[in-house]
Amino acid sequence: MNARRLRSMYVFGILLNAVALVYAAVDGAILFAVTFGIVMLYLGVRYWMVSTA
């Protein structure tokens, strides 16, 4: 897989997790919202690693 495709997949994953985080927070499931936030952070770090390589 090339870097451009990986970056687009990471951005898509971050967006999906952002939507899930908002729904979890609105529903009152704070633990799930925190989990989605941690996954977003991880995907952001992976995106940064791919983009700087």
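This is a predicted model: local features need pLDDT of at least 70, side-chain atom pairs count only at pLDDT 80 or more; totals for chains, interfaces and linings use all residues.
Biologist: How many helices and strands does the protein chain have?
Modeller: Both are DSSP runs numbered from the N terminus, with helices (H or I) of at least four residues and strands (E) of at least two. Helix H1 covers residues 3-27. The count for the protein chain is two helices and zero strands.

Biologist: Is Leu15 buried or exposed?
Modeller: Leu15 sits in helix H1. Buried means under 20% relative accessible area, exposed over 50%, and partly exposed in between (1.4 Å probe, protein chains only). The relative accessible area of Leu15 is 52%, so Leu15 is exposed.

Biologist: Why is Ala18 called partly exposed?
Modeller: Ala18 also has its place in helix H1. Ala18 is called partly exposed because its relative accessible area is 27%.

Biologist: What share of the 53 residues in the protein chain is buried?
Modeller: The C-alpha trace spans about 40 × 15 × 10 Å along its principal axes. Of the 53 residues in the protein chain, the buried share is 13%.

Biologist: What separates the C-alpha atoms of Ala18 and Ile30?
Modeller: Along the chain, Ala18 and Ile30 are 12 residues apart. Their C-alpha atoms are separated by 14 Å.

How values were computed. Residues are numbered from 1 along each chain as its sequence is written. Side-chain values use heavy atoms; hydrogens and water are left out.
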